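Have a look at the sequence and the model on the screen, and I'll walk you through them.

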Amino acid sequence: MAKTATAARTSKIERYNRMGYVFVAPFVVVFLIFNVYPVLRTLYLSFTNVKLVGTKGSIVWFDNYVRVLTDKFFWNALLNTVKIWGVNIVLQLGLAFLLMMVFSDVKYKMRGLHIFRIVYYLPNLIAATSVAFLFATLLDWRYGTFNQIIYNIYHLFGKSYTPVNWIGDPATAGVTVAVIQSWMWFGNSFIMLMAGVQGISRDYFEAAAIDGAGRWTVFGKITLPLIRPILLYVAITSLIGGLQMFDLPFLMINKTNSAYNSVQTVVMYLYKFGFETGTTQTGYASAVAYVIFLIILTVSVVQLKVFNRKED
Amino acid sequence: MNTVGYKIKKGILYVLLILLGAVCMLPFLLMIVNATRSGSEIVSSFTLIPGSHLKENWETVFDYFNLFRGMWNSLKVGVPATLLTAYFSAMTAYGLAMYRFKGNKVVFGTILVFMMIPGQLSLIGFYNLCTTLHLVNSYVPLILPAIAAPGTVFFLRQYVLASLPPSLIEAARIDGAGELYSFHRIVLPIMSPGIATMAIMAFIGNWNNYLLPMIILNKNDKFTLPVMMASLRASTDINANQGAIYLAVAISIIPILLVFAFFSKYIISSISAGAVKE
């Protein structure tokens, strides 16, 4: 009697559980078509010499990959990306980290976090296309408002100012893009780090206060170790985001501009061969996409390893 | 003990924080002021006092393109895509969290893997697929894939596990409610704060998206706002008048600022949630 009741119960639960397929099915179908298939399709194309999407080509195996790794323009693009990313990450995470220190300081107890968070986040809301044109215009060499302001400040102190060609000079273009990118993203990193600090139980801080721990001790022994997972998360997401940089340099610096070769990122390089009329080589561009992916993957894994070792 | 020194230091910190805030706002302020000045005024000097050439700048901009059509197109893509993401992500998340079926772990594992894969990896294959299906220059490839949003599903799954007691669904079953009925009548209302948060972020991401629409759309009348803004570079009339550039940028920014004004709380909390989920 009891046995049949249990059996009936299990089969009923089984029946319920099978309903899971109905809930997941639409996602799985669309996911297979629009996410999984394109990734595999790109992989297949990377082994072919297809020139234009829709035309036929033949299998060339690793020829495209060899070409990517031996093309000095690819390495140049990779170097540009790493340079821009390096400046960007130091500024963006450095600033976010400092702000996090200020707002989590147990002695100062700074107020107004809600307002400051919103203001610092504002630049991140705007489409990169709009940001690109806004700054390209503000930073215009001869007629831009930015140089006018600097000129006025210099003038005030009786000095002369030779306008800097922020986005036209190969020496400054990369740094300028990195600073704008940091301007756009430091608020985002700050909010994430702050969320980590706010997730720490009050008890720790109270116990530390009772023990008479100084603010640096609290920061070093409680705050920092407990937000390490979030630091790692922020570092990896900004790494992936940074290596994918496209919109800002692509729209801010014209191809005719002499600084173009110093700001061409790997994704701009991919775009050139993937989609630009005249230079399209679909097979080659697919190999570029996979090389970029493998680089991102490697660096993420290394980053994870380094962080985890520290934790021991 | 040293209260004066403490107060001074705290004051300095506040000044620095406000200065940083000013750095965030200044470009927007300059944009708004310059949008009302003529090209020659902007070129000759800098001021924070608005000018009187808003109307001329407006005419220059709208002689070249109709930004409101770009906004309308962005809405036509963004609103359905956001609704699809919200509804189907909630559905998938609930299915993964509440039902033990074969393949559940495989689906969830694949979602985790695809959250780590950069979008560029699928770009060429995706375009290739759209060509095959004759979907180039259509909004379908910009809307339909929104049904499968791995990041949103991941977040909402955690949300279901944290906020939905399974006993509630069992009670509904005993009352004879069907599974889909329970989902629509019980689960969705409970999940709505989480869904709203993700939906707003999905909408902003969609609204600001540039690379994919640029690749898929090639007719002017189909352009979404960012693609239309990018075509600004080609206009000699606008580029001859900085005031017009500033105005075009200002108009393109206003809708998203309005969204932010209403939903800033949700937006900030969703970024925080993104960090804490780890």
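Quick definition before anything else: helices (H or I, at least four residues) and strands (E, at least two) are DSSP runs, numbered from the N terminus. With that in hand, chain A has 14 helices and 0 strands. Read from the N terminus, its elements go α-α-α-α-α-α-α-α-α-α-α-α-α-α.

Now the housekeeping. This is a predicted model, so local features need pLDDT of at least 70 and side-chain atom pairs count only at pLDDT 80 or more, while totals for chains, interfaces and linings use all residues. Residues are numbered from 1 along each chain as its sequence is written, and chains are lettered from A, with ligands numbered from 1, in the order in which they are written.

Back to chain A and its overall shape. The radius of gyration is taken over C-alpha atoms, and the globule rule is 2.2 Å times the number of residues to the power 0.38. For the 312 residues of chain A that rule gives 20 Å, but the radius of gyration is 26 Å, well over it, so chain A is more spread out than a compact globule. Its C-alpha trace spans about 100 × 75 × 35 Å along the principal axes.

How much of chain A is buried? Here a residue is buried if 20 or more other C-beta atoms lie within 10 Å of its own, exposed if 12 or fewer, and partly exposed in between, with C-beta atoms placed from the backbone. On that count, 41% of the 312 residues in chain A are buried.

One helix to look at for burial is α13 of chain A, residues 266-274: 8 of its 9 residues are buried, so it is largely enclosed by the rest of the structure. The buried ones are A:V266, A:V267, A:M268, A:Y269, A:L270, A:Y271, A:F273 and A:G274.

Next, contacts. Two residues are in contact if their C-beta atoms, placed from the backbone, lie within 7 Å. Among the contacts in chain A with a separation of 6 or more, 71% come from residues 24 or more positions apart.

Domains next, with bounds that come from an automatic or database domain assignment. For chain A we get domain 1 (1-46) and domain 2 (63-311). The C-alpha centres of those two lie 39 Å apart. Their contact takes 4 residues from domain 1 of chain A and 7 residues from domain 2 of chain A.

Let's zoom in on helix packing around α3 of chain A, residues 72-104. Axes are lines fitted to C-alpha atoms, for helices over the stretch in contact, and angles run from 0 to 180 degrees between N-to-C directions. The axes of α3(A) and α7(A), residues 170-198, come within 7 Å and cross at roughly 35°. That contact has 20 nonpolar, 8 polar and 1 charged residues. With α10(A), residues 228-243, the axes come within 10 Å and the crossing is roughly 145°. Which residues make that contact? From α3(A) it's A:T81, A:W85, A:N88, A:I89, A:Q92 and A:L93, and from α10(A) it's A:V234, A:S238, A:G242 and A:L243. They divide into 5 nonpolar, 5 polar and no charged.

Over to chain B, with 14 helices and 0 strands. Its radius of gyration is 24 Å, well over the 19 Å the globule rule gives for 278 residues, so chain B is more spread out than a compact globule too. The C-alpha atoms of chain B fill a box of roughly 75 × 75 × 35 Å along the principal axes, and 43% of the 278 residues are buried. The assignment gives chain B domain 1 (3-60) and domain 2 (66-234), with C-alpha centres 37 Å apart.

B:L29 is exposed, with 11 other C-beta atoms within 10 Å. Its C-alpha atom is separated by 8.0 Å from that of B:L48, 19 residues apart along the chain.

Last, the two chains together. Their contact takes 75 residues from chain A and 70 residues from chain B. Helix α1 (residues 2-46) of chain A gives the largest share of the chain A side, 21 residues. That side divides into 53 nonpolar, 18 polar and 4 charged.

Technical notes: Ala, Val, Leu, Ile, Met, Phe, Trp, Tyr, Cys and Pro count as nonpolar, Asp, Glu, Lys and Arg as charged, and the others, Gly among them, as polar.
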